[in-house]
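Student: Could we go through the salt bridges here? I would like to begin with single residues.

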Amino acid sequence: SSSTKRTRLAPDLRRAMILDAATEVFAEQGYEAGSIDAIGARMGISGPAIYRHFARKQDIVVELLVKAVDAALADVAIGPGECVAVSGLNAFVAKMVGRVAAEQDMLALLHAHMPDLDADNRNRVVDARDRLLERWSGETHRHRPELDPDACKMRVLACFATVGALCAVEASSETIERLLFA
């Protein structure tokens, strides 16, 4: 008789695989219809095995958002004390818009379900947003020093709101860029 030996994966690798599978399932089925069992099936494991790594489906979505923000910040990383060249500010914003466009479905989902998140997950989302806000508003202030830092934050928050609304209606990245650079 032939038996197959299962290989136990490192928890970080398994979590990454769950996130990849969840991204696919949510993209195909939507958040509501995309079940933990469907995510597990995509990976060839049982749905309940997912709960060893994530307590709830919302934890998966929040983790996806935090990773997307981390990736966006890494995309535009510069050294401490440095700033993006003036000609590069538009490129910086364009990169951020490109990231947003790539994560459009997840952002629209989060926008719709933010009130349903528990306090810990809401705090994680707000922390991720604040890190992005600080980076983007800091670059804006460096290039527009005549603006008060709070005014820069308000402008960036207005961009966030605009981008969020455009994601909800599935606007293209070109439309988002055109509106932000108008």
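Student: Is Asp-70 buried, partly exposed or exposed?

Tutor: Asp-70 is partly exposed, at a relative accessible area of 35%. Buried stands for under 20% relative accessible area, exposed for over 50%, and partly exposed for what lies in between, with a 1.4 Å probe and protein chains only. This is a predicted model in which local features need pLDDT of at least 70 and side-chain atom pairs count only at pLDDT 80 or more, while totals for chains, interfaces and linings use all residues. Residues are numbered from 1 along each chain as its sequence is written, and side-chain values use heavy atoms, without hydrogens and water.

Student: With which residue does Asp-70 form a salt bridge?

Tutor: With Arg-131, the closest N and O atoms being 2.7 Å apart. A salt bridge requires a side-chain nitrogen of Lys or Arg within 4 Å of a carboxyl oxygen of Asp or Glu.

Student: Where do Asp-70 and Arg-131 lie?

Tutor: Asp-70 is in helix α4 (residues 57-75) and Arg-131 in helix α7 (residues 119-143), so the pair ties together parts 61 residues apart in sequence. Helices are DSSP runs of H or I with at least four residues, numbered from the N terminus.

Student: And what about Asp-127 and Arg-131?

Tutor: Asp-127 also forms a salt bridge with Arg-131, at 3.7 Å between the closest N and O atoms. The two are 4 residues apart in helix α7, which means a separation of about one helical turn.

Student: Changing topic, how many salt bridges are there?

Tutor: The count is 14.
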